[in-house]
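I opened the file and kept notes as I went. The entries follow the order in which I looked things up.

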Amino acid sequence: MSAVPASIPTAALPSADEGVAPRPVPPVQTRSAAGAHAPRLLSVRSWGAVLLALVVVAIGVPLLNLAVPAGSAFHASDYAVQLVAKIMCYAICALAMDLIWGYTGILSLGHGVFFALGGYSMGMYLMRQIGRDGQYRMDMPDFMVFLNWKTFPWHWAVSDSFIAQMALVVLAPGLLAFVFGYFAFRSRIKGVYFSIITQAMTYAAMLLFFRNETGFGGNNGFTDFKRILGIPIATPSMRMTLFVITGCTLIGFFVLARWLVSSKFGRVLQAIRDAESRVMFTGYDPIRYKLAIWVISAVMCGVAGALYVPQIGIINPGEMSPAASIEIAIWAAVGGRGTLIGPIIGAFFVNGAKSWFTQAFPEFWLYFLGALFIAVTIFLPRGIIGLLRRNKKESAS
Amino acid sequence: MRWFFLLMAALVLAAPARALTPAQARALATGEVESRIAALNAVLPTADDAAVALIQAMADDAVKFTDSVVIVMKDGKGFDPVSGAAVAVPEAAEDVINNNEMRSELDAALASIKLFSPDAKVRAEAIKTLAGEPSESKLPLIEKAYAAEAVPAIKDAIGHVRAAMLLGSADKAKRLDAAKSLGDSGTPATKTLLLERMKAETDPEVRAAIGVALGAIEGRLAWGERLGVIFTGISLGSILLLVALGLAITYGLMGVINMAHGELMMIGAYATYVIQNLFRAYWPGGFDYYVLLAVPASFGAAALVGAVLERSVIRWLYGRPLETLLATWGISLVLQQAVRSIFGAQNVPVENPAWLSGGVAAMSNLTLPYNRLAIIAFAVLVLAGVSALIARTRLGLFVRGVTQNRKMAACMGVNTARIDTYAFALGSGIAGLAGCALSQVGNVGPDLGQGYIVDSFMVVVLGGVGQLAGTVYAALGLGVLNKLLEGWQGAVLAKIMVLVFIVIFIQKRPQGIFAMKGRSAEA
């Protein structure tokens with residue numbers, strides 16, 4: 001692996017800050033990173049893997065889906081492509097969650113709200129793109145016609161501009177995260193208190209978006225999209241384009257996250273996770289660091305939401321339910337937090353299991369998910385990645 | 001047309017002792033709705049048993065007619081409405097169809113007949129039904145009933161309905177009288193009635209009288225409304241208190257954020273359901289007292305599950321609150337799904353015992369339901385019990401000791417692991433009690449706990465950890481605040497405002513209303 005150990009001592013995972021009974025914090029093992037040479041972003045092998053992933057996503061899957069005939073064993077079905085696209089969006093969320101939880105030690109139970117805000121920003125644009133093809137053949141989106149609205153509410157002012165809405169995809173979650181994070185971190189809310197408050201935030205947002213008066217389509221949300229940038233959205237080539245964009249975004253975010261956590265900034269974040277008061281007493285201002293990573297994480301989730309909506313074709317307030325947000329945390333935990341590849345693996349594992357279970361044994365899915373929550377926290381504090389590493393170590397010794 | 005029917009009505013009124021005739025029966029059952037209503041009003045003042053039976057049958061959709069006869073159906077056989085003799089039902093007989101207008105007229109007619117029932121309770125019910133839709137056509141009947149009524153309370157009620165009917169009269173003097181006498185009433189129905197009349201009224205004098213009456217009623221109603229808001233607030237607060245008490249113990253003692261707390265409440269509610277069913281099956285006579293057994297049963301069931309959870313899962317996660325949070329969330333998913341597998345995904349019915357249904361009418365627009373009053377009392381009892389347990393017993397002493405300084409308590413010989421189990425079981429049991437209480441006012445279903453979990457965490461966050469007083473103030477404060485805002489802005493915005501308020505409050509006092517004093521740099 002790289003020169004920077006992505007792993008961290010298990011005992012240091014839970015910050016002593018949160019515990020009722022503070023425990024001595026084991027020394028933070030960062031010496032290898034503080035060595036003479038500047039840390040490389042990725043090892044040669046990892047760069048190779050990243051490149052391979054890029055090729056598979058950008059060339060392999062499109063070829064298998066579009067060029068290989070449907071009967072062939074190598075054909076990637078539309079269903080599979082859509083499923084993978086959806087999970088890649090989730091993987092971005094898990095990666096974002098890992099940055100804030102795995103590397104900074106702040107568990108957010110409200111990341112669903114950022115995902116949904118990004119999704120809604122995209123959805124507003126897509127709703128405008130429907131034009132007069134809705135049920136009512138009117139310029140306004142159907143739900144507004146239904147509510148008998150004559151003009152667009154203020155927050156729909158720029159909704160017919162793609163560029164403006166894409167800016168909103170970043171700005172809406174970013175701004176909410178900034179304001180919320182500023183006040184929360186400033187008054188030093190941390191640990192479970194912060195988690196609970198974020199859960200309340202997403203819960204409140206869900207209630208707000210359920211209202212028709214809010215102007216986001218009430219509990220039906222947005223759906224029935226027709227086109228994006230004037231191009232019909234349901235064609236195979238459009239679907240493939242979105243798939244490739246999603247895949248490249250995921251890989252890009254992975255490299256970005258890698259750069260973040262191996263920079264000095266990232267090292268301070270990990271120090272905050274392990275002993276926030278020490279960081280503070282050493283002269284750093286933890287609030288700035290926490291706020292910065294919090295906003296970055298929120299924006300990543302927003303982008304994931306914006307990629308999710310045109311591919312899945314629906315966004316509704318259910319994405320903001322506390323349960324949806326907590327699931328993001330479990331993806332990161334299952335894969336292994338404190339590593340960057342872990343959350344991506346976790347998202348694929350849990351969501352793959354979900355789509356299999358809900359088809360094969362729908363009534364057992366919640367048992368499985370519940371058991372997964374319990375098993376991972378008790379037996380696998382470092383997730384699947386931790387399990388793989390341990391096996392590797394054992395076979396080596 | 002109208003005049004003709006009025007004339008008919010007058011004729012019928014003039015000959016009071018006449019029994020139901022076949023012609024009247026026909027007019028009641030067939031023809032246009034308007035003429036049937038006229039016939040109904042004509043029959044009413046002299047209605048005999050046969051007429052009442054016919055009207056009742058029509059209200060029950062049990063009347064058929066052909067070109068020549070009207071037939072009342074009973075148990076699949078036909079009877080003549082006038083003579084009561086059994087008759088054959090012809091093939092061609094059609095059902096009498098009642099539209100909504102006809103239906104409400106029939107109901108009103110039945111109610112006005114009941115006004116003359118010898119039973120005072122039936123009369124009181126009847127006048128309530130009639131108060132809903134006053135129309136001048138029933139005025140003669142009401143006048144008669146008013147004159148005959150001996151019970152003062154019912155006479156008053158009839159007087160109000162009479163005034164309401166007179167309010168629509170063409171005679172100005174009558175309208176003025178009516179407005180004045182309605183001003184003495186304090187019911188919301190009267191208020192809407194006056195408001196409606198205000199819109200239609202053109203005479204300034206009458207308008208002024210109605211305005212005065214409205215002012216008087218509103219003054220009286222306002223108090224009822226204010227007290228009502230405070231009562232529902234306290235009621236919600238007492239439920240939140242029950243929910244949060246358990247959380248305060250588990251979180252206060254062990255720092256465990258128990259996301260499955262709501263599901264432990266659900267278990268308590270389902271335990272109540274099971275006890276109810278057992279009583280119904282094996283001792284129906286004692287059904288009214290099932291709640292008395294359901295209380296310990298729900299405590300026991302939830303405490304048992306809590307103890308098992310503590311021993312099997314939570315024990316391994318002490319000192320790692322974030323992980324506990326995720327693990328208990330997983331537990332909550334499993335428990336929910338388990339209940340779905342056992343009892344089905346649908347809500348199950350839990351019936352109030354007789355002594356908990358109904359309520360005491362404190363004011364005309366303020367009824368305090370017995371079950372809500374009982375929950376407030378129950379919450380007070382549980383609070384007293386828990387504080388006594390914590391303050392006065394040996395277990396309580398140990399719990400306090402472990403909470404304050406776990407290591408020191410262990411050094412003094414306290415078996416902290418066992419205390420953890422007991423305390424967690426206690427907190428869970430109190431959640432079960434909350435579930436038992438909730439089953440008496442709301443739906444019992446697999447997602448019962450989900451609705452309260454965010455609110456109850458807010459109570460704990462707001463109240464601060466380690467002291468029951470904080471929990472009490474936070475629960476009642478949040479309950480009343482929620483209901484006050486609800487009356488002002490509606491339920492959803494109220495909830496959002498409360499959440500925003502809490503986030504702002506935490507800014508000022510990050511450790512809640514009552515924080516434990518300490519020297520930690522993290523405080």
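**Confidence**

I count two residues as in contact if their C-beta atoms, placed from the backbone, lie within 7 Å. Where pLDDT is low, the predicted coordinates should not be read in detail. For the model I noted an ipTM of 0.80 and a pTM of 0.73.

**Ground rules**

This is a predicted model, in which local features need pLDDT of at least 70, side-chain atom pairs count only at pLDDT 80 or more, and totals for chains, interfaces and linings use all residues. Residues are numbered from 1 along each chain as its sequence is written, while chains are lettered from A and ligands numbered from 1 in the order in which they are written.

**Chain A**

I found 14 helices and 4 strands in chain A. Both are DSSP runs numbered from the N terminus: helices are H or I with at least four residues, strands E with at least two. Of the 397 residues in chain A, 44% are buried, that is, 20 or more other C-beta atoms lie within 10 Å of the residue's own, with C-beta atoms placed from the backbone. I also looked at contacts in chain A between residues at least 6 apart in sequence, and 77% of them join residues at least 24 apart.

**Cores**

I then looked up nonpolar cores, which are sets of buried Ala, Val, Leu, Ile, Met, Phe, Trp, Tyr and Cys residues joined through C-beta atoms within 7 Å. The largest has 194 residues, and A:Ile92, A:Ala94, A:Leu95 and A:Ala329 have the most contacts inside it. Helix 2 of chain A (residues 78–102) gives the largest share of this core, 17 residues. I checked A:Ala94: beyond four places in sequence, its contacts include A:Ile328, A:Trp331 and A:Pro343. A second, separate core has 51 residues, among them B:Ala25 and B:Leu194.

**Where the chains meet**

How many residues of chain B are in contact with chain A? I noted 37, against 43 residues of chain A. Helix 14 (321–343), helix 19 (450–463) and helix 21 (491–508) of chain B each supply at least two residues of that side of chain B. Helix 14 of chain B gives the largest share, 14 residues.

Terms used:
Buried ≥ 20, exposed ≤ 12 C-beta atoms within 10 Å, placed from the backbone.
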